[in-house]
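Keep the viewer open while you read.

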Amino acid sequence: MTHLYDMIEPNVIGEELLRGCVDEQGPEGEAGRLAKEEGLAFAEVKQLRLDFKNILRIENLWQFHSLQRLQLDNNIIEDISGLDSLAQLEWLDLSFNNIEVIAGLDKLVSLRDLTLAHNRIRQVEHLDSLRQLQVLSLSSNLLEELGNVEYLRQFKHLQSLALKGNPFASNEHYEHCVIAYIPSLHYLDFRMILDAERHAARAVFQEALEELEMNERDLAWRQAEREAQHQQMERSKAAYVDGLQGSILYESLFTEDMDAERLSRLPGVQNMLDKFKEQCVVCCEHLTKVGLEESAKRQQELVQFTRAHEEACVANQELSVQRVVEFEALKQNAVGDLAGGIREEVGGALHHDLMRLEMQLVEQLDEITKDFERNYSDMVEGFLEQVQSHMTQLRELEGTHHERVTEIALALLERFIKNQLEEDELADELRILFVDKDTLVGAINAAHDTHTQVIDNKEDSISQRAKADRDTLLGRLSREEQLRNRQRVVEIEQYIAHQLEELEGSDPHPP
């Protein structure tokens, strides 16, 4: 196939092209003149037309963060790329290009209107992230299968769809299929859909739609289940009790226990394991419940702190604004000799009052923050005490289990040595442990050490994470307050300096 750019020199989206288009398409009149003189920043551009530019590749648009409308039609573009930074884009025209595959649109989550007409697209795909899509044009492409229509069913806000000019549009069921499978549509191929057409279309595909809707309900239910499980997992992580649900911790005790399977074949041990598991699960579930409750309390404490912090800042800001308003009124009414007094007011009382208000706020916020730090730290320590208590209980349960397994094993060893065992009373895989007492006890103790280490590691992990997150949070709050204070002081100083400059400039008889 002969590419169009074999005959036409491709153009590059470079600084010169972009600057020319921005200047040409900018505001008119005086505003336009000023924009050209000062140079309109690419980051401020809302709309951009790059049509009929012989563009082969989309590139160098990363500065257009605020772009909402982009016109790239009538070029020679083959691949959709270079658009990831345009998160605010709502309208995109890529019609009359050489695009064969829909791709590179994943980041355009705000997109509402997409035109891909007159390309070489064979399959509708890779649009899943465009949940806000309302208008889509895919007319005059190479779509052959009506199955592409079912893919578009997921876009619940899709109102206008254009598909004419594709091979599948010649199918006698084309319109009925599109209308039936995409019930949100108001317009198909730029023609309003009538209610009678909806009913007729539904009747044609009734059986297939009922099966599809049943599958969609089942899929939605499973998705909701997965989402609920994911949210529960995230809550558990935030509460430091992940890995404690059900029998997860119990089973992890035996993951690296090389002789676990053998020892479970000792007479009576399996029943003991079942009992141990039951007790372990109860303990872990209770700790999980405690952890989630304590996490909710810490979150509530943070919410209350944030609210108190904001209220203090707002109240202080109101006092500062009131003081500035009083000064502005005084300045407005000052005439003659009073102008000198205004300068003294700016450099003296006004500056002093604004800085005093800021120092009062610093002290107030410091008190609020210290109360929060104390309360939050006490909550973390209280939770860790609960963790220590539950882990101690788990170690005691494991210790009791270990002692009982040891008793059973030693009693069985004594009978084994005396040849008092029935032939099938001792499993073959156990006999390797019954060489002598040291071998048997060593295996049982090794299992005990492994189990205890898992419990210890879990306790350490919870403690380290909780303390690290606490320290990170308190450190961030401290840094944010320091930054707020510095910015406020700079703001005050700049305001005072501006007022003094303004007064100097307006006084015909400066002192």
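## A ring tucked away, and its partner

Phe434 is buried, with a relative accessible area of 2%. Bear in mind that this is a predicted model.

Phe416 and Phe434 make an edge-to-face aromatic pair, with 5.9 Å from centre to centre and 70° between the planes. Phe416 sits in helix H10 (residues 338-417), while Phe434 belongs to the loop between helix H11 (428-431) and helix H12 (437-506), so the pair ties together parts that are 18 residues apart in sequence.

Searching the whole structure turns up 10 aromatic pairs. Take Tyr181 and Phe205: the ring centres are 5.6 Å apart and the planes meet at 75°, so this pair is edge-to-face. Tyr181 is part of helix H4 (residues 174-181) and Phe205 is in the loop between helix H5 (195-204) and helix H6 (206-238), so parts 24 residues apart in sequence are tied together by the pair. Tyr181 and Phe205 are both buried.

There is also a cluster to look at: Tyr250, Phe254 and Phe276 form one aromatic cluster.

## Arginines over rings

Now for some charges. Arg69 has its charged end over the ring of Trp91, 4.0 Å from the ring's centre. Arg298 lies over the face of Phe383, and here the distance to the ring centre is 5.4 Å.

## A buried arginine

What does Arg484 touch, leaving aside residues up to four places away in sequence? The list is Cys313, Glu358, Leu361, Val362 and Leu365. With Glu358, the side chain of Arg484 makes a polar contact of 2.7 Å.

Arg484 is found in helix H12. Its relative accessible area is 18%, so Arg484 counts as buried, the limit being under 20%.

## The largest pocket

How much space lies in the largest pocket? About 270 Å³. The lining of this pocket has 20 residues, and those closest to its centre are Phe254, Ala260, Ser264, Leu273 and His401.

Helix H8 (260-263), helix H9 (269-333), H10 and H12 each give at least two residues to the lining of the largest pocket. H9 supplies the largest share, five residues.

Technical notes. Residues numbered from 1 in each chain as written. Predicted model: local features only at pLDDT ≥ 70, side-chain atom pairs only at ≥ 80, totals over all residues. Heavy atoms only, no water. Phe/Tyr/Trp six-rings, centres within 6.5 Å; stacked < 30°, edge-to-face > 60°. Helix = DSSP H or I, 4+ residues; strand = E, 2+ residues; numbered from the N terminus. Buried < 20%, exposed > 50% of the residue type's maximum accessible area, 1.4 Å probe, protein only. Lys NZ or Arg CZ within 6 Å of the ring centre and 35° of its normal. Polar contact = N/O pair within 3.5 Å; in protein donor to acceptor, adjacent residues only side chain to side chain. Contact = heavy atoms within 4.5 Å. 1 Å grid on protein atoms, 1.4 Å probe; cavity = no way out; pocket = protein on both sides within 12 Å on 5 of 7 lines; lining within 4 Å. Points joined across faces, edges and corners; volume = space filled by probe spheres on them.
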